[in-house]
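Q: Hi! Could you walk me through this one while I look at it?

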Amino acid sequence: MNAPELLLPAGSLQHMRYAYAYGADAVYAGQPRYSLRVRNNDFHKLPVLQQGIEEAHALGKQFFVASNLMPHNAKIKTYMVDMEPVIEMQPDALIMADPGLIMMVRERWPEMPVHLSVQANTVNYQAVKFWQSMGLSRVILSRELSLDEIEEIRQLCPDMELEVFVHGALCIAYSGRCLLSGYFNHRDPNQGTCTNACRWDYKTHASDNNDDSPQKIEFNAFDAMNQHSFSDCGGQERHPLADEVYLIEETNRPGELMPIFEDEHGTYIMNSKDLRAIQHIERLVNIGVDSLKIEGRTKSVYYVARTTQIYRQAIDDALAGRRFNPELIGQLDNLSNRGYTDGFYQRHPTQEQQNYLHGYSSNERQQYVGEVLAYHADKQCLEIDVKNRFSVGDKLELVMPEGNKTLILDKLLDKERHDIELAPGSGHKVYIPYQGDIPEKALLARYL
């Protein structure tokens, strides 16, 4: 088996460096004007982009530049001029989606490798063969494919590099082609300015039955509402059925009752859970997928480090013939997420995978609490940039590229080296005792 590439997002040089330190083989970043990576993006400055590419190559790693927007005419006119200095930096590939831009790049710079973006919705082997005939070197397959479909494409397109997503946010629209953000506030997702409108706080309202009002969804509970009295809760009328779970039933799926959940933040009907395919890594490695991709450019360096570390272990275990370690599922639960799904990879989980999901998702929970800034040999302590509260007596994990260490915090110092009991939160710097090898790119997590 060939080792697949582990590909991580980079919104900054710091994120890139953590990704490489924890085991990434490549990163992808984009220029805001010509990619879907507008927010939290330090690579809008060409010197920063050049520095990232040079650092990657010095480490023997790869750096891909996303150029995957769907451009309107105005950007077509400026694209070639603006891309000239980028091509001169010699990135390892451009990630592209628009056929017109691809044609222009292939004609002007035929030596530049082009990877087809997931935005192009490639869902079958004939489409892969078409893009191969156009001179592209890799296709990033649509997220809507199953493991079996990916395997069939691999078998019928043996000479084409294939890339798939294994972790991160999923768009509720087909391969990200969403219109919600553009409709609500004129920010086009396919121009890289998505406002994640599917994740906004939506409330439900009963119809007033006027002809111009939205069609009312009929719940059996609505009839029962009229039979109960209202009570006053905090000055607001609250119905006794307000805390119950309501179910909707789609006309063409009788018997499939789907719950509507609501918490203090609102109702989430349109957005997806996050992708987590750690349990499928062995299968993807055996299929022969060339690149396994993680999403999360706007996430913290802790997210980048831990996802890299965890998926690196899963890949290495698969290559060595070791069985999947289900504890990795629980470790991913400690990262920020909106709940997890394995997307379209497998319609019905096997009994073994169901046991994985239920048996390890409630592992010891952790919270990212600090970044290690420096090791002070004279005092034998670590300087910590605090991200979340922690205190003396806490069980902590020092997360490091060379392996993690667990410790019980018995001493904590402030910046004047005075004993304190609590690291109060973000914006503070504290010191904790430490003996051992000097950790680089180390992070601190607290067991909850």
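Predicted model: local features only at pLDDT ≥ 70, side-chain atom pairs only at ≥ 80, totals over all residues.

Q: How many helices and strands does the protein chain have?
A: The protein chain has 12 helices and 24 strands. Helices (H or I, at least four residues) and strands (E, at least two) are DSSP runs, numbered from the N terminus.

Q: And what share of the residues counts as buried?
A: Of 448 residues, 46% count as buried. Buried means under 20% relative accessible area, exposed over 50%, and partly exposed in between (1.4 Å probe, protein chains only).

Q: What about contacts between residues 24 or more positions apart?
A: They account for 67% of the protein chain's contacts with a separation of 6 or more. Contact means heavy atoms within 4.5 Å.

Q: Let's do helices. At what angle do α1 and α10 cross?
A: Roughly 20°, with the axes of α1 (residues 13-21) and α10 (residues 301-319) coming within 8 Å. That makes α1 roughly parallel to α10. Axes are lines fitted to C-alpha atoms, for helices over the stretch in contact, and angles run from 0 to 180 degrees between N-to-C directions. Angles under 35 degrees count as roughly parallel, over 145 as roughly antiparallel, 65 to 115 as roughly perpendicular and the rest as oblique.

Q: Which residues make that contact?
A: On α1 they are Q14, H15, Y18 and A19, and on α10 they are V301, V304, A305 and T308. By class, the contact of α1 with α10 has 5 nonpolar, 3 polar and no charged residues. Here Ala, Val, Leu, Ile, Met, Phe, Trp, Tyr, Cys and Pro count as nonpolar, Asp, Glu, Lys and Arg as charged, and the others, Gly among them, as polar.

Q: Now α3 and α4: how do their axes cross?
A: The axes of α3 (73-88) and α4 (residues 99-108) cross at roughly 40° and come within 11 Å. The two helices are therefore oblique to each other. I76, Y79, M80 and E84 of α3 meet L101, M104, V105 and R108 of α4. This contact of α3 with α4 has 6 nonpolar, no polar and 2 charged residues.

Q: Switching topic: is D385 buried or exposed?
A: D385 counts as buried, at 15% relative accessibility. D385 is in strand β18 (residues 381-386).

Q: What does its side chain make a polar contact with?
A: The side chain of K387, at 3.3 Å. A polar contact is a pair of N or O atoms within 3.5 Å; within protein, one must be able to donate a hydrogen and the other to accept it, and residues adjacent in sequence count only if both atoms are side-chain atoms. Not counting residues up to four places away in sequence, D385 touches V369, G370, E371, L373, H428 and K429.

Q: What caps the N-terminal end of α5?
A: N124 does, with a side-chain oxygen 3.1 Å from the backbone nitrogen of Q126. Just after α5, G135 takes a positive phi of about 95°.

Q: And where does Q90 sit?
A: Q90 is in the loop between α3 and β4 (93-96). Its phi is near 60°, a positive value in a residue other than glycine, and Q90 counts as exposed at 59% relative accessibility.

Notes:
Residues numbered from 1 in each chain as written. Heavy atoms only, no water.
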